[in-house]
Amino acid sequence: MSAIFKDHDSDKPVKRKWWTSRVAIYTALFLWAVICLFPIYWTFTTSFKLAPDVMRGNMVPWWDFTPRWKGWESIGFSPRLIGEVSTVRDEFLKRFWNSTVISLTASFLAVVLGSLAAYGLSRFNYRFGFMKNSDISFFFLSQMILPPVVLALPFLVLYKSLALLDTRVGLILLYTLMVLPIVIWIMRDQFQGIPIELEEAALVDGLGIWGAFLQIVVPIALPGMVAAFILSLVLCWNEYFFAALLTATNSTTLPVMVASQTGSQGINWWSMAALSSAAILPLIVVAIFLEKYIIKGMAAGAVK
Amino acid sequence: MLAESATHQTMMIEGDLLHTVTADNISDKRKRFGKLLVWGTALFGLSLALWQFAFETGRVANGFDNWRPVLYAYMLWATALCAAQVIVNGEKGKRTLFVLPAALFVISLVVFPLLFALYISFTDWNLASPNGPQPNGLANVREMWNDEFYWNALKNMVFYVLAVSVEYIIAFGLALLLNSQIRARKFFRVVFLLPLMLSPVAVSWMIGKSMLEVRFGPISRLLREIGIEPSFFGSAEVARFMIMAMDAWTFIPFMMIMLLAGLQALPQEVIEASKVDGATGWQSFKEVIFPLMLPVSVTAIVIRIIFKLKLADIIINVTSGGPGGATDSVTSFIFREYRDRSNVGYGTLLAIVYLILIIIFVTVLLKVVSRWMERPA
């Protein structure tokens, strides 16, 4: 039926307008997709290039250059080296492991501490001295504006006297502190969305407040917690400033390793590209498979 | 009417949401035990700290190698304090236990270091000098007053913060695109999100050092094709713009996702009603969508500005503040003050001053915009 009307002369401009808006929308989308993807594509392909390929500006593998493993060999990952002992690979894996342990532990700690605090603040009345609930919330969230540089130097001195410099524990503590306000911001929103009648029913049925929290509320709020956890993970994994100041050899994380190579290696593009690719790869995987949670975490608090 | 609803709202937030009826019967003995636990561990920690202090100042012959045992004693005290809440206050203590660990954690990691920072910012502490910290009154303040590079870095921060407005426009446009009727929406959402996942350090190399490399970088090549001789970090304005662009590239997805969430929560009827009333696309955006999006926009911009004030990683790794301090942010400037000159005392003073400026700025900002925000921060 609609076909009859759409062929009419007076409908043609409408159709043309619809088509132009489609074309405009998809052009914009593709343009921005290229802007987002090209640096990543460039880094990945460069890690398989040799010096002449870089100088000639070749970009498409197998078409204008032949992929080589040279870049990946410089951090010990290539079909030829994978079975052998490689110090560079051990070095890389050590940094990778440091990053993993530190960001996982810090995110976990922050989610535990932050969820408890957010739950308490959304359910009970507190009075610590002059501080009421809204003041306590503000106290936690205001930590977000604290620039890392204010804490960095005192921590340097404190950690020195506590023998926590260049240890994982030291970084974990700081990272937990750094993401805690964000976790509280997200979780407060989550808990406010859970109807209070559920816990009231649980209390009537004989659970304590902690029992109600652990058995009733936590399972419901779990997706929110996962969202907060993943967002924290991303922030901790990418953190550079504290790691650069407070670690030297033992507990250096991946960003510090990448940064320390940028200056020294000059035009050694392939190895830098391989190192950068390896450092960003885990997070790209996280982004592709857990995108739902990341978006959920960031959208919390923006919309009621 | 307005005031009434405002008080009602605060009542809602302040009101005891989950009512619990408790009949605790706590014996005096139990209460005494709880208090003893807190005071005992506190006294233990304090005496340990005093002992260590006496050892470090040379009044006592033997002590520990470092202050680690004092830290353990402090943690013991914190645990005792948490336990004592339940021992002394029963059910009420169990409620306190939700917030207390996080509060203790933040206080011990922020408040104490801040007080300590306040002290070292008035000393001439240089890690390279053997004397340790010596109070030097207002000498650091005077030095800061005459330090052109610090004021320059502050001025740069103003530019960087202003760049948020452009990021906002782009992010809003992208959110609108993603919210329109398109195919493969999930694909585009993931792709648009990717830059946010990358660490600023990796971005520094991927874009700042390789794609913008003057001889072989693809962008330089492209510019040469058009007939422009590329120079990205030579002049002050271009270098600053490049830093802004890289930072924007990483953080636009952040604003975009908040705005997209806002767009998806808009009441569809209102927008359709405006279409029925004959509004063109632009009109319905200007008159309906944009005003409805104001709270989300303000929240996104405020949070983005707060993140922007910490900008440092990209600058440290790409330009180190050059050329001539043109791209320096306050954080990267202080970072080098420490790295190159080990000037802990002076660097800390600069950081404290920056913190004070930030607090003033953010407070004023929140005051001005809070009436458009969904909820007070």
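Student: What share of chain A's contacts between residues at least 6 apart in sequence join residues at least 24 apart?
Tutor: 70% of them do. Two residues are in contact here if their C-beta atoms, placed from the backbone, lie within 7 Å.

Student: What kind of model is this, and how is everything numbered?
Tutor: This is a predicted model, where local features need pLDDT of at least 70 and side-chain atom pairs count only at pLDDT 80 or more, while totals for chains, interfaces and linings use all residues. Residues are numbered from 1 along each chain as its sequence is written, and chains are lettered from A and ligands numbered from 1 in the order in which they are written.

Student: How many helices and strands does chain A have?
Tutor: Chain A has 14 helices and 0 strands. Helices (H or I, at least four residues) and strands (E, at least two) are DSSP runs, numbered from the N terminus.

Student: Is chain A spread out or compact?
Tutor: Its radius of gyration is 26 Å, well over the 19 Å that the globule rule gives for 304 residues, so chain A is more spread out than a compact globule. That radius is taken over C-alpha atoms, and the rule is 2.2 Å times the number of residues to the power 0.38. Along its principal axes, the C-alpha trace of chain A spans about 80 × 70 × 35 Å.

Student: How much of chain A counts as buried?
Tutor: 45% of its 304 residues do. A residue is buried if 20 or more other C-beta atoms lie within 10 Å of its own, exposed if 12 or fewer, and partly exposed in between, with C-beta atoms placed from the backbone.

Student: Which domains does chain A have?
Tutor: Domain 1 covers 2-73 and domain 2 covers 87-299; the bounds come from an automatic or database domain assignment. Their centres, taken over C-alpha atoms, are 35 Å apart. Where they touch, domain 1 of chain A gives 10 residues and domain 2 of chain A gives 7 residues. On the domain 1 side, helix H2 (12-46) and helix H4 (70-73) of chain A are the elements that give two or more residues.

Student: And what about chain B's domains, where are they?
Tutor: In chain B, domain 1 is 24-118 and domain 2 is 142-372. The centres of these two domains of chain B are separated by 42 Å, again over C-alpha atoms.

Student: Switching topic: how many residues does each chain put into the contact between A and B?
Tutor: Chain B brings 82 residues and chain A brings 85 residues. On the chain B side, helix H4 (residues 91-120) gives the most, with 14 residues. That side divides into 59 nonpolar, 12 polar and 11 charged residues. Ala, Val, Leu, Ile, Met, Phe, Trp, Tyr, Cys and Pro count as nonpolar, Asp, Glu, Lys and Arg as charged, and the others, Gly among them, as polar.

Student: Which residues have the most contacts inside the largest nonpolar core?
Tutor: They are A:Ala117, A:Val183, B:Ala102, B:Met256 and B:Leu259, in a core of 168 residues. A nonpolar core is a set of buried Ala, Val, Leu, Ile, Met, Phe, Trp, Tyr and Cys residues joined through C-beta atoms within 7 Å. Helix H8 (residues 168-192) of chain A gives the largest share of this core, 16 residues.

Student: What does A:Val183 touch?
Tutor: Leaving aside neighbours within four places in sequence, A:Val183 is in contact with A:Ala110, A:Val111, A:Gly114, A:Ala228 and A:Ser232.

Student: Last one: where is A:Trp62?
Tutor: A:Trp62 sits in the loop between helix H3 (51-56) and H4 of chain A. A:Trp62 has a positive phi of about 65 degrees, although it is not a glycine. With 7 other C-beta atoms within 10 Å, A:Trp62 is exposed.
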